[in-house]
Amino acid sequence: MGDLLLVRHGETEWSVSGQHTSWTDLPLTEHGEEQAKSLAPLLSSRTFSLALTSPLGRARRTAELGGVLGALPCDDLHEWDYGGYEGVTTADIHRTRPDWYLWTDGVPPGPPGHPGESPAEVGRRADRVLARVAEALPDGDVVLVAHAHFLRVLTARRLGLPPAEGRLFQLATGTMSRLSTEHGRPVIAEWNVRA
């Protein structure tokens with residue numbers, strides 16, 4: 001049985017400023033590219049039974065620079081749809097909604113095609129990814145290159161927790177985390193690892 005490796009893409013301009021970024025396809029900053037390259041010693045020597053990446057450029061570029069070759073795009077690995085809060089910081093949201101919390105309140109609808117998602121909706125996508133991962137893990141390690149909030153929800157679901165419990169797992173840019181098993185049960189083996 002292999003391990004599940006989670007890679008958060010490298011830094012972008014909005015990850016620095018704290019702006020919610022789902023469908024806005026920002027490139028990696030220069031530092032983000034360096035973060036992605038620094039993952040290569042952790043990733044490039046491995047053989048994966050399955051390698052998936054978000055369809056967004058920042059994740060695909062991180063996979064490429066990190067040495068994850070042949071990663072397939074997977075729409076379900078897209079970041080949480082922030083709807084009307086795309087490009088907005090939590091501090092700005094709190095000016096009008098001081099008690100707002102993404103993990104319990106979700107987001108308001110955005111422009112056409114971006115209705116926003118609740119934690120449960122993101123959790124359903126994560127469950128679909130985990131079903132695909134489960135088919136590949138008996139053959140070796142699996143790597144997913146994606147986004148912070150989505151990977152946090154996926155981690156919660158892998159551990160048998162409700163989607164909103166992803167709030168417990170802070171995830172930094174340009175890092176790798178490893179979910180493994182102990183006595184046949186999913187566990188976090190490493191978190192926020194940098195080379």
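Colleague: Where is A195 found?

Modeller: A195 is in the segment after strand 6. Helices (H or I, at least four residues) and strands (E, at least two) are DSSP runs, numbered from the N terminus. Before we go on: this is a predicted model, so local features need pLDDT of at least 70 and side-chain atom pairs count only at pLDDT 80 or more, while totals for chains, interfaces and linings use all residues. Residues are numbered from 1 along each chain as its sequence is written, and side-chain values use heavy atoms, with hydrogens and water left out.

Colleague: OK. Is A195 buried or exposed?

Modeller: A195 counts as exposed, because its relative accessibility is 62%. The cut-offs are under 20% relative accessible area for buried and over 50% for exposed, with partly exposed in between (1.4 Å probe, protein chains only).

Colleague: And what is A195 in contact with?

Modeller: Leaving aside neighbours within four places in sequence, A195 is in contact with S38, P41 and L42. Contact means heavy atoms within 4.5 Å.

Colleague: Which residues of helix 7 are buried?

Modeller: P119, V122, G123, R125, A126, V129, L130, V133 and A136. They cover an arc of only 160° around the axis, so they sit on the same side of helix 7. The arc is taken from the directions between the helix axis and the C-beta atoms.

Colleague: Why would a spacing like that line up?

Modeller: An α-helix has 3.6 residues a turn, so residues three or four places apart point the same way.

Colleague: What do the buried residues of helix 7 pack against?

Modeller: Strand 1 (4-8), strand 2 (48-53), helix 6 (102-105), strand 4 (141-146) and helix 8 (148-158).

Colleague: How many residues are in the largest nonpolar core?

Modeller: It has 31 residues, and those with the most contacts inside it are L4, L77, V129, V142, L144, F150 and L154. A nonpolar core is a set of buried Ala, Val, Leu, Ile, Met, Phe, Trp, Tyr and Cys residues joined through side-chain atoms within 4.5 Å.

Colleague: Which element gives the most to this core?

Modeller: Helix 7, with six residues.

Colleague: How does strand 4 pair with strand 1 and strand 2?

Modeller: Strand 1 and strand 4 run parallel and are joined by five bridges; V7 has V145 as its bridge partner. Strand 2 also pairs with strand 4 in the parallel sense over five bridges, with F48 partnered by D141. Two strands pair if DSSP finds at least two bridges between them.

Colleague: What about strand 5, which way does it run against strand 1?

Modeller: Antiparallel, with four bridges, and L4 has L179 as its partner in strand 5. Strand 5 and strand 6 also form a hairpin with two residues between them, and H183 in the turn has a positive phi of about 55°.

Colleague: Last one, R58. Where is it found?

Modeller: R58 is in helix 4 (residues 57-65), and it counts as buried because its relative accessibility is 2%. A polar contact of 3.4 Å joins the side chains of R58 and H9. The backbone oxygen of S22 lies 3.1 Å from a polar atom of the R58 side chain. A polar contact is a pair of N or O atoms within 3.5 Å; within protein, one must be able to donate a hydrogen and the other to accept it, and residues adjacent in sequence count only if both atoms are side-chain atoms.
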